[in-house]
Amino acid sequence: MTQPGRIGEDDHLMDGAEVGSHGSLMTFDQFEDIFRVAASIGVVRDDFHRFDDVVTGKLYDLLLVAQSDAAAQHRHVIELTDLPITRGLQENIGLFRELGPHLRVDPILARLAAYPPLDGVLAVDTRSGLPDITGGLGVALARTFRIVYPELRTLRARTTHWSLVSTLVDLYL
């Protein structure tokens with residue numbers, strides 16, 4: 001039996017769904033707005049899929065660390081405070097909130113379903129925080145592109161750009 005306000009085993013974060021069967025973290029327009037406002041970079045549709053993969057992977061990484069923190073405290077429930085949210089990510093979450101798009105949690109959870117299941121369950125506040133964290137990760141990714149490629153005006157799905165930035169994101173997040 002689950003506690004009130006918690007995601008239970010029946011509502012587990014990951015359900016073993018097939019990769020790509022659940023759409024995207026956000027709409028293309030939201031993705032486009034993040035890159036345009038946060039980094040002054042235009043995007044194309046092919047960039048959207050790469051963005052979605054990188055952000056989903058980083059969000060899952062944060063949840064793995066949070067799961068370990070909860071387990072170290074002998075808890076099965078992953079609290080929002082278990083997530084390793086750095087000052088930099090907090091700033092990017094704030095920038096995302098200023099942009100105004102509101103992400104929904106269900107598409108985020110659906111995308112995470114492509115990853116191995118977590119051992120813990122998400123507290124309600126953790127689940128409800130996922131959209132802002134996802135948006136903050138998106139803003140961080142866009143700003144990283146601007147720093148690494150200051151001359152870039154449109155991504156145009158260049159594999160070398162995505163590969164380098166993805167590697168950098170793996171190092172700092």
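Me: Which pairs of atoms count as a polar contact here?
Reply: The structure is a predicted model. Within protein, one atom of the pair must be able to donate a hydrogen and the other to accept it. A polar contact is then a pair of N or O atoms within 3.5 Å.

Me: How far from the backbone nitrogen of Gly120 is a polar atom of the side chain of Gln67?
Reply: Gln67 is found in helix H2, residues 45-72. Beyond four places in sequence, Gln67 is in contact with Ile78, Leu118, Asp119 and Gly120. From the backbone nitrogen of Gly120 to a polar atom of the Gln67 side chain, the distance is 3.4 Å.

Me: Is Gln67 buried or exposed?
Reply: Buried means under 20% relative accessible area. The relative accessible area of Gln67 is 15%, so Gln67 is buried.

Me: At roughly what angle do the axes of helix H5 and helix H6 cross?
Reply: H5 spans residues 124-148 and H6 spans residues 159-172. H5 passes H6 in a right-handed crossing. The two axes come within 10 Å and cross at roughly 120°.

Me: How many nonpolar residues does the contact of H5 with H6 have?
Reply: H5 contributes Ala140, Leu141, Thr144, Phe145 and Val148, while residues of H6 in the contact include Trp162, Val165 and Val169. By class, there are no charged residues, 2 polar and, as the nonpolar count, 10.

Me: Which element gives the largest share of the largest nonpolar core?
Reply: This core has 44 residues, and Phe35, Leu141 and Phe145 have the most contacts inside it. Leu141 touches Phe35, Phe51, Val54 and Val55, among others. Elements that give two or more residues to the core include H1, H5 and H6. The largest share, 10 residues, comes from H2.

How values were computed. Residues numbered from 1 in each chain as written. Predicted model: local features only at pLDDT ≥ 70, side-chain atom pairs only at ≥ 80, totals over all residues. Heavy atoms only, no water. Axes fitted to C-alpha atoms, helices over the stretch in contact; angles between N-to-C directions. Helix = DSSP H or I, 4+ residues; strand = E, 2+ residues; numbered from the N terminus. Left-handed = near helix turned anticlockwise from the far one by under 90°. Contact = heavy atoms within 4.5 Å. Nonpolar A, V, L, I, M, F, W, Y, C, P; charged D, E, K, R; others polar. Buried < 20%, exposed > 50% of the residue type's maximum accessible area, 1.4 Å probe, protein only. Core = buried A, V, L, I, M, F, W, Y, C linked by side-chain atoms within 4.5 Å.
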